[in-house]
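Let's take a walk through a protein chain together. Keep the picture open while you read, and look up each residue as it comes along.

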Amino acid sequence: MVLLRRVIGDALRARRQGQHRTLREVSSAANVSLGYLSEIERGQKEPSSELLAAICDALGARLSELLREVSDTVALAEQMPGVLVPVADEQVEPTPVAAAVRKATNRGVRQVTSDGTVSVQVRQDSPLKATLRSTRVRPGDRDVVCAA
């Protein structure tokens with residue numbers, strides 16, 4: 001199962017780190033405690049919409065951009081067999097992406113890109129828990145269908 005708070009936290013951390021900013025700088029700008037912001041980024045706390053908007057503002061990002069990125073990540077996870085809903089192999093019509101995901105799963109890492117703008121890595125922590133890492137694909141980068 002993908003936890004929305006983890007995907008939101010990963011997206012916020014990626015934006016902050018992409019700007020080479022510290023937790024302290026962003027927490028101060030968003031008027032939230034450093035510890036609470038850290039818990040949000042680690043997916044341990046789920047921020048309210050008001051707090052999420054304040055953090056986005058502190059990062060110079062639009063809330064809609066962040067939510068779109070989170071939505072893209074979850075949508076990709078939904079396409080990966082066994083990430084959100086366990087599926088028996090016999091019930092699934094094999095597609096090139098599904099076959100590549102299964103092959104990578106045997107190596108412990110799953111990675112899928114959608115239209116070349118988002119890349120998602122999934123680590124299955126337990127049968128009911130997966131960790132998603134999403135990154136934006138920069139222009140000029142090669143699209144990766146599946147890698148480990």
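Predicted model: local features only at pLDDT ≥ 70, side-chain atom pairs only at ≥ 80, totals over all residues.

Residues are numbered from 1 along each chain as its sequence is written, and side-chain values use heavy atoms, with hydrogens and water left out.

Now for the overall layout. The chain has 6 helices and 3 strands; these are DSSP runs numbered from the N terminus, with helices being H or I of at least four residues and strands E of at least two. What about contacts, meaning heavy atoms within 4.5 Å? Among those between residues at least 6 apart in sequence, 56% join residues at least 24 apart.

Next, find helix H2 (residues 23-30) and helix H4 (residues 49-58). They pack at an angle of about 120°, and their axes are 8 Å apart. The axes are lines fitted to C-alpha atoms, for helices over the stretch in contact, and angles run from 0 to 180 degrees between N-to-C directions. H2 and H4 are therefore oblique to each other, since angles under 35 degrees count as roughly parallel, over 145 as roughly antiparallel, 65 to 115 as roughly perpendicular and the rest as oblique. Which residues make the contact? From H2 come Val 26, Ala 29 and Ala 30, and from H4 come Ala 54, Ile 55 and Ala 58. By class, that's 6 nonpolar residues, with no polar and no charged ones. (Nonpolar covers Ala, Val, Leu, Ile, Met, Phe, Trp, Tyr, Cys and Pro; charged covers Asp, Glu, Lys and Arg; the others, Gly among them, are polar.)

Stay with H2 for a moment, where Ser 27 sits. Is Ser 27 buried or exposed? It is buried, with a relative accessible area of 6%. Leaving aside neighbours within four places in sequence, Ser 27 is in contact with Val 32, Ser 33, Leu 34 and Leu 37.

Now look at the loops on either side of H2. His 20 lies in the loop between helix H1 (4-18) and H2, and Asn 31 is in the loop between H2 and helix H3 (34-41). His 20 isn't a glycine, yet it has a positive phi of about 55°. Asn 31 isn't a glycine either, and its phi is positive at about 60°. His 20 is exposed, at 73% relative accessibility, and Asn 31 is exposed with a relative accessible area of 73%.

Move on into H3 and you'll reach Glu 41. At 3% relative accessibility, Glu 41 counts as buried. Not counting residues up to four places away in sequence, Glu 41 touches Gly 9, Asp 10, Leu 12, Arg 13, Arg 16 and Leu 23.

Our last stop is Ser 71 in helix H5 (residues 63-79). Ser 71 is partly exposed, with a relative accessible area of 43%. Ser 71 and Leu 4 are 67 residues apart along the chain, and their C-alpha atoms are separated by 9.3 Å.

Terms used
Contact = heavy atoms within 4.5 Å. Buried < 20%, exposed > 50% of the residue type's maximum accessible area, 1.4 Å probe, protein only.
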